[in-house]
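Morning, everyone. I'll take you through one structure. Have a look at it first, then we'll go region by region.

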Amino acid sequence: MRILSSLNTYYRLLLLILGTTGLFFILYFCLYFYILRQEKQVYATASKEYENEVNSIFTLNSKTHTAVIVDVTFWDELVTFVKTKNQKWYKEYIESQFSTYEADYIGIYDLKNKLIAKTTSVNLNSIGEIPQYVLDKLYKDKLVRYYQKVPEGVLEVFGATIHPSDDLHKDKTKPSGYFFMSRILDKKFVEDLEKITSSKISVTDNFQYNEDEKKAIYVSLNLNDLQDKLVSNIVFERSFHLNSVTTKKILAIIIIATIINLIIYLYYYRRWVYKPINLITNILETRDEKSMVSLGSIRGEFTHISNLFEENNNQRKELEIAKRKAEEGDKLKSSFLANLSHEIRTPMNAIMGFSDLLLDPNLNQKDKSDYLKIIRNSGKNLTSIIEDLLEMSKIDSTQITPNYKPVDLDKCVSELYKTIKITQHNNINFSIQEDLIKPKKKILTDEIKLKQILTNLITNALKFTKKGYVTVGYNIDEPNATLQLWVEDSGLGIDNDNLKIIFERFRRVEDEFSIQTSGLGLGLSITKAYVELLDGTIDVKSTPGVGSKFSFTIPLKYDESEVDFCAIENTSKINISGNQSILIAEDDDINFMLLQRILQLKNYKILRAVNGKEAVEICEANKNIDLIFMDIKMPIMDGFEAFRLIRAFNQHIPIIANTAYSSIEDKEKINKAGFTNYVSKPLNKDQIFDLLNGLFMAN
């Protein structure tokens, strides 16, 4: 230490540099030997990654042919061809499209393993006879892919069983035949694959490579037949450059750069360290934006630090904005909860209040009738509020998806118009405006969602129109492939400020008229969500005191299929034979009692099952039951399972779903299951009697 302290600054720095350089050389040799060891590990890792890449690309290369053969074998006309063996049809619809399959062979076999028809390219003479074990495995697995050796080279073979289009999982029907498609792994196949993988590729039966030579990495894929016997190998080769000479050069450059860096360190210390630190200190103390700009002009990590400061500053501003929005949202939430409490308590007050008044023994019949109407209407309002909340909850949880089907637009709008027209009791002129351009054919959309959108807009227009008109119509825009539907009214209208919020949840136009009407302000929010679900947009134009026009635009997609989609009436007709026997499957005593009392008004004979299992047993034991009301949610066995078991031995008895599930998706599920019809809770006496009158009618 005394010797060191006796040296001047120059020699101290020189000694420091020499010592640092000596340590650096030691580090250099350590790094050199470490990198040699890592080279082997890098080669192994690169080989593994290359193998994964090749496997993925090779598998993906076969996906197109797999998808084509799966699609073709769900062709109803192909099923017919296997039966009729109509060669003219084969040439017109299969052989004429041969080039689009990008295959060298197509063959169709019947279940007796007899070749019905085949087509081969000029590159292939024949694939020979399909082995019996291949057909047996194909019959079991429905889809196979394997490789086969032919004189022209290696052949990739795809096979699939033929089924009708309504057997999507190929588990409902037996195969009608077999469809085979093959392609040769020829020079073009190899060249295309080489471009995709950036590799040199060869198809060979005998591949060997030297693991000690690391100039390239290889992947060899086994091409096997269905008995897992090796047919050939496809070998992928990619150049690999990594050696110790390059490492030495890099380390030498690092040494030179380090020496130069030590020489100029003091010069740049103030410029690259001292100044930026001062700027950072100033920013932290004053948040000075000029200092941020100056810091950002300095190269290196300080640019990133400057960006972080700017982002932090912007986030601080955004947090202030978000805080204001959160406070507004909190106020909106409080307003919604108050509105929800009011909307629920209002019908509940009427239900409970007038129910108490009905207990008065001195009440005359007219007052009783009026009170019951009030209770019923209040119950409907309460149900509507709950359904809106549940529907919005489903929208938030993305449980609703569009169900696209062919729809007759004119018929759809007309049916909706007639349904709403019947319930209209005021003097408003409610009409449909016919468009000069009609759809060429049925359109593809979700009919239920479309009707719900129009229903919400029309009922809204009728609610806020005291006199004048409400018109519904549509416009076809063929060039832009869009369909616009609109509802126009001569109602109260909406001012510009309220136009910005009417589609927001729980927001309503607050005026003297809206105070008199019920609702949570969810109707237009649900409508907007449905429109966006159909890939559309919604717009509104309104003038206070003149009226409003709500319009929404969805894509215009025509149904290009040749199949006519006809609605099948799922209603069984039975003869009237006196007092019919009705089985009620209901676990809740109060719900059973209500339905029982309603049915007893028409002198129907009532039986009861408290769960689905008991309902099945009663139906098996009693063949005189004329109709079943089936609750969906029951203990031991639910309504769907009970319905399936009853239909197994009785195909004709009408079964009506009686459920508290009332959403559109639940109703679709019930109809799809095959129920004759459904009634939703709360029960409507007139609806039940209309339904029964339609079923209990003479042929």
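**Helix pairs, loops and strands**

Helix α12 passes helix α15 in a left-handed crossing. That is my starting point. Keep in mind that this is a predicted model.

So how do α12 and α15 pack? Their angle is about 150 degrees, and their axes are 9 Å apart. The cut-off for roughly antiparallel is over 145 degrees. That makes α12 roughly antiparallel to α15. For orientation, α12 covers residues 447–463, and α15 covers 523–533.

Which residues make this contact? From α12 we have Lys449, Gln452, Ile453, Asn456, Leu457 and Asn460. From α15 we have Gly523, Leu524, Ile526, Thr527, Tyr530, Val531 and Leu533. By class, the contact of α12 with α15 has seven nonpolar, five polar and one charged.

Stay with α15 for a moment. Between α15 and strand β14, which spans 537–543, there is a loop, and Asp535 is in that loop. Asp535 has a positive phi of about 60 degrees, and it is not a glycine. Why point that out? Most residues other than glycine have a negative phi. Is Asp535 buried or exposed? Its relative accessible area is 55%, so Asp535 is exposed.

There is another case to show you. Ser198 is not a glycine either, and its phi is positive, about 55 degrees. Where is Ser198? In the loop between α6, residues 187–197, and β6, residues 200–204. At a relative accessible area of 56%, Ser198 counts as exposed.

Let's step back to the whole chain. How many helices and strands does the protein chain have? There are 20 helices and 20 strands. The chain has 699 residues, and buried residues make up 37% of them. Now take the contacts with a separation of 6 or more. Residues 24 or more positions apart account for 65% of those.

Lys275 has a relative accessible area of 48%, so it is partly exposed. Its C-alpha atom is 8.8 Å from the C-alpha atom of Leu295. Along the chain, Lys275 and Leu295 are 20 residues apart.

An unreviewed UniProt entry lists Asp631 for "modified residue: 4-aspartylphosphate". Where is Asp631 found? In strand β18, residues 627–631. Asp631 has 5% relative accessibility, so it counts as buried. What does Asp631 touch? Leave out residues up to four places away in sequence. Then Asp631 touches Ala585, Glu586, Asp587, Gly639, Asn658, Thr659 and Lys681.

One of those partners, Ala585, leads us to strand β16, which runs 581–585. Ser581 belongs to β16. Is Ser581 buried or exposed? With a relative accessible area of 15%, Ser581 is buried. Set aside its neighbours within four places in sequence. Ser581 is then in contact with Lys605, Asn624, Ile625, Asp626 and Leu627.

First, α17, residues 612–621, with α18, residues 639–649. They pack at an angle of about 15 degrees, with axes 9 Å apart. That makes α17 roughly parallel to α18. The crossing of this pair is right-handed. On the α17 side, the contact is made by Gly612, Ala615, Val616, Cys619 and Glu620. On the α18 side, the residues are Ala642, Leu645, Ile646 and Phe649. By class, the contact of α17 with α18 has seven nonpolar, one polar and one charged.

Then α16, residues 589–600, with α20, residues 685–695. What is the angle here? It is about 60 degrees, and the axes are 11 Å apart. The α16 and α20 helices are therefore oblique to each other. α16 passes α20 in a right-handed crossing. Leu595, Ile598 and Leu599 in α16 meet Lys685, Ile688, Phe689 and Leu692 in α20. In this contact of α16 with α20, six residues are nonpolar, none is polar and one is charged.

To close, back to the marked site. Asp631, listed in that unreviewed UniProt entry, is in strand β18 and counts as buried. Thanks, that's my tour.

Notes: Residues numbered from 1 in each chain as written. Predicted model: local features only at pLDDT ≥ 70, side-chain atom pairs only at ≥ 80, totals over all residues. Heavy atoms only, no water. Axes fitted to C-alpha atoms, helices over the stretch in contact; angles between N-to-C directions. Helix = DSSP H or I, 4+ residues; strand = E, 2+ residues; numbered from the N terminus. Parallel < 35°, antiparallel > 145°, perpendicular 65-115°, else oblique. Left-handed = near helix turned anticlockwise from the far one by under 90°. Contact = heavy atoms within 4.5 Å. Nonpolar A, V, L, I, M, F, W, Y, C, P; charged D, E, K, R; others polar. UniProt positions renumbered as here; feature names shortened; annotations may be inferred. Buried < 20%, exposed > 50% of the residue type's maximum accessible area, 1.4 Å probe, protein only.
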